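Have the sequence at hand while reading.

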Amino acid sequence: ALQVRIERDRSAGAVDGDITLSQTTLSAAKVTLNAVAGAIAHGQGLLSAGTLIALARDGLTANSLVQFIDATVTGAGGITIANAGAITLTRLDAANGSITVQALGSMTVANVITRGGSDLNDIKLTTYKTGAVRADLNVQSLVANGAGDVALFVQGSINQTAPASGG
């Protein structure tokens with residue numbers, strides 16, 4: 001397997017271009033991936049970071065071990081994240097696609113939204129308890145527009161919390 005240490009941001013082309021990371025392990029304090037005219041696809045391996053920031057037009061798929069994620073898909077495509085620990089979804093925004101996140105441990109949902117109008121714009125969030133590690137779901141803002149559904153599979157408690165106030 002390829003192991004890469006990211007020391008700066010990675011981007012694909014503005015007209016066309018995907019970022020494909022198959023059998024890749026990345027490790028950094030912050031990983032930023034931009035595919036403004038394509039998709040971000042991460043297969044086998046692990047993206048390890050304190051924060052993952054991603055922007056793609058056609059979708060995002062990642063196997064990760066991150067504490068925070070901020071991801072936006074601007075076109076037709078979904079967001080699929082499998083995280084190997086607790087995670088905060090700072091922002092997940094899909095213009096026309098579904099959002100699926102699995103976490104080993106607790107998940108905090110600060111801002112998650114699907115904007116499309118069809119039944120393909122579902123949100124599915126799953127937490128798994130591992131040993132003594134909690135698997136709670138803490139929700140601030142969770143919106144599936146149009147005909148999208150929200151499915152929560154939680155091996156802990158579900159808590160609605162107030163959004164953080166600015167200032």
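Predicted model: local features only at pLDDT ≥ 70, side-chain atom pairs only at ≥ 80, totals over all residues.

Residues are numbered from 1 along each chain as its sequence is written, and side-chain values use heavy atoms, with hydrogens and water left out.

The structure holds four salt bridges, a salt bridge being a side-chain nitrogen of Lys or Arg within 4 Å of a carboxyl oxygen of Asp or Glu. One of them joins R115 to D93, with N and O 2.9 Å apart. R115 sits in the loop between β13 (112-114) and β14 (123-128) and D93 in strand β10 (residues 87-96), so the bridge ties together parts that are 22 residues apart in sequence. Strands are DSSP runs of E, at least two residues long, numbered from the N terminus. D93 is buried at 10% relative accessible area, whereas R115 is partly exposed at 48%. Buried means under 20%, exposed over 50%, and partly exposed in between (1.4 Å probe, protein chains only).

Another bridge links D136 and R134, whose closest N and O atoms are 2.7 Å apart. Here D136 is buried at 9% and R134 is exposed at 52%. In the bridge between R57 and D58, the closest N and O atoms are 2.8 Å apart; R57 is partly exposed at 31%, as is D58 at 33%.

How values were computed:
Helix = DSSP H or I, 4+ residues; strand = E, 2+ residues; numbered from the N terminus.
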